[in-house]
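Work through the exercises below with the sequence and model open. Each task is followed by a stepwise solution.

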Amino acid sequence: MKAFSNFHPVVIFIYFIAVFSVSMFIQNPVYLFISMTGSFLFLCVLNTIKTTIISFLKYIPFTVLITILNPLFSHNGATPLFFINDNAFTLEALIYGSVLALMILCVIFWFKCFNIIFNSEKILFLFGKISPKISLIFSMALHFIPNFSKYFNEVLSVQKKMKSNSKLKLYINCFSAVITHSFETSVDTADSMSARGHSTGKVTNFGRFRFKTNDFILLISIITLIILTYIAIVADNTKVVYYPVIIFSNSGISAFISYISFAVLCFLPGIYEIKEDLKWKYSISKI
Amino acid sequence: MEVFNIKNLSFSYPKSSEKALDNINFTVEQGDLILLCGESGSGKSTLLKMLKPQLTPEGNIAGEIIFKGKNLKELSKKESAEKIGFVMQNPDSQIVTDKVYHELSFAMENLAYDKEKIRLKTGEMASFFGLSNVFNNDTNNLSGGQKQLLNLASVLTLQPEILILDEPTSQIDPLSAQNFINILKNLNRDFGITVIISEHNLEEVFDFASKVIVLEKGKVCACNTPDKILKELKRNNENHPIINALPVSLRVYNILNKNIDDKVPLNIKEGRKFLQENFNADIKKLHETDLIDNKKKNAVITLKNIYFRYEKNGSDILKDFNLSIKKGEIYAVLGANGSGKSTAVKIISGILKAYHGKVKIYKNENVMYLPQDPLTLFIKDKIIDDFELSDNKGKINETSHILGIEHLLNKHPYDLSGGEIQKAALAKLLLFNPSVLILDEPTKGIDAFAKDELKIILKNLQKEGVTIIIVTHDTEFACSVSDRCGLLFNGNIIAENSTKEFFGGNGFYTTSANKMSRGFYENAVLFEDIIKLCNLNGEKNAE
């Protein structure tokens, strides 16, 4: 069990929204670089360092591709490097391409972390806060889909043993048989639901989560850090203009504070995991 | 105090002139355990569903059902959901959500219990039912037995006053079934929960019941305490079909005892005592006349050093698995849940491929496989349409006549009972002229009557030269039908012998008849064996 996933789902969700809001929409390489290293560290702690590096290496061709594709299609920019079919291949477009690539990589890596931390239970809990019905449907779907494909494969494997004239026809027949089967079992499921008091009135949404002091502290920290980050962003103090020439406005102390706050925000889960890990090791050594 | 009082209850389904239930009267006292039995289609499920308002089918209802002094109709939805718990037959289709803990909390969520109570109850139920170690798991990954326990636990979270169970153990393996029934007995004895249960397999629950009700064609044909039920049944009909489904001790007693007023042996322990007190044991063993010499026969299928696993990094399901099936025999593969029985036959039938080892099927042998869920064989809306998919259309009439399913040909596969669908599936396979038939759990969910029919069909097929492999949990069935048996454990066959020797030699993995006659007679593995031996030996103190 990862320490960070023990926080309350609402807090974790707000954390990811905060990080994504900067990583997805602010095209400033400094933020992106901070965000990238943060997600890399977090993923290293969640998985092993080796698998993280391997998955990082796998994305390099993809990153290069995006970096090169942008200047091939976008010919804006003041500094042409060379010409292809009378179209300029500009330095600005190349840099913008690499920033885009970094941004996509950031989002992918944060999503990897999100997937590990945010299991279906947490998703259901969040949905349940909004609408218990949607939450239940989601949960039923998670139960139904694997069952459906399992039964389909079972029918198919049995039917393949029977001599059949066309493969397509066989698949269609099997599919319709499995649909019939699902309808039949769903009658039972519906019975079982109403037998256990479904749709008799008010419902509660049970989640096994409690809002602890730790959650409160984390929530406050997240909000403070993200506000500090956004002060500079809203004031355009960290704005980067790519076309026609790159203008990098890193004016004043507010930009510096913004970078630092965002860095703290991004490294927070990774550092927290390492801290908890050390704590555990220390407590073991005391025994 | 009365929990249920059922007065002159009759019911017929819409558009049907036949009465599914006909003038039913009985009462259920607080703390009772009522056992409801009867053949498939006798109206057991319909009757049980009448007692749970949410499940009551559409149709014409006459008569009254009084629940704790109040008409059942007057109960609010919430009350009836809370006070009357219902567990159905199929473990899979009752599960609603994706996680075990969510399934446990589902009923309480519906009735808006507060969070602290839900937290407490889910934990309590998981501990009591031994589900703690799967608490966070997906419901899809549970075994059949665990699923059914989960269904029971989930219903019990509401603390119902009465629990209604419709053949809860028919789809799960015997060991899990025993566990399930034991928990039920415990709930009834220690927690005072009133239970109404319908069952095919009466061996486990019969002696514990406070009242047994036998249904026949929608009518109550006997309703009495377990020790008096046999007498009442025989008064109506000397050879009532349900007698064959009673526990083995009772069946032995029924045949051998002329004086029906004695103390009736209700379980294996009392049956053993009955044998020892009333019969001599000079002849210990039946003389075997029809032992087939298997060594001389040719093998039709051989498996050598088979290794198989489902996932690359998983553990081996079959390890160094060897098997040789002889021409014309009926071979039963037995073993616990997850021992790899089904996997082994799927490899023989070619559905799965072993990653190491050799499967040899001799020339001209046409192997057909009847899967655990016979419904997977049917992909059309009518049985007859499915039969016509095969090349051998001329044989349809003949085959369905032999199996006695002519009247079912125009029905939808889902409208058939467990025994009927098994026969229809068998018929479909026979259209392909198999020389080797593989049956995976053919007795799952079918009653004693259908089992006997199936036994006769298989024996007849054997006479026609068909080799049959059966995978089963059902020791009684394997014992009565097979020539040889093999016990699968930890990936290979650890014991293999002719059926009599196999069951006679096993200490625990054996039939009830053998458990009962153990130490008194040798290798009496079938009910018929005990009868023969008793008749040979004669009664004690006979003039």
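**Exercise 1.** Find the residues that join α8(B) to α9(B).

Solution. From α8(B), take Val248(B), Ser249(B), Val252(B) and Tyr253(B). They meet Ile268(B), Glu270(B), Gly271(B) and Phe274(B) of α9(B). Contact here means C-beta atoms, placed from the backbone, within 7 Å. Sorted by class, this contact has five nonpolar, two polar and one charged residues. (Nonpolar: Ala, Val, Leu, Ile, Met, Phe, Trp, Tyr, Cys and Pro; charged: Asp, Glu, Lys and Arg; polar: the others, Gly among them.)

The model is predicted: local features need pLDDT of at least 70, side-chain atom pairs count only at pLDDT 80 or more, and totals for chains, interfaces and linings use all residues. Residues are numbered from 1 along each chain as its sequence is written, while chains are lettered from A and ligands numbered from 1 in the order in which they are written.

**Exercise 2.** How do α8(B) and α9(B) run relative to each other?

Solution. Locate α8 (residues 248–256) and α9 (residues 268–278) of chain B. Helices are DSSP runs (H or I, at least four residues), numbered from the N terminus. The axes lie 8 Å apart, at an angle of about 30°. Axes are lines fitted to C-alpha atoms over the stretch in contact, and angles run from 0 to 180 degrees between N-to-C directions. The two helices are therefore roughly parallel (under 35 degrees).

**Exercise 3.** Which element of chain B gives the most to the side that touches chain A?

Solution. Start with the totals: 47 residues of chain B contact 40 residues of chain A. α2, α3, α4 and α5 of chain B each give two or more residues. α3(B) gives the most, with seven residues.

Definitions and conventions. Parallel < 35°, antiparallel > 145°, perpendicular 65-115°, else oblique. Contact = placed C-beta atoms within 7 Å.
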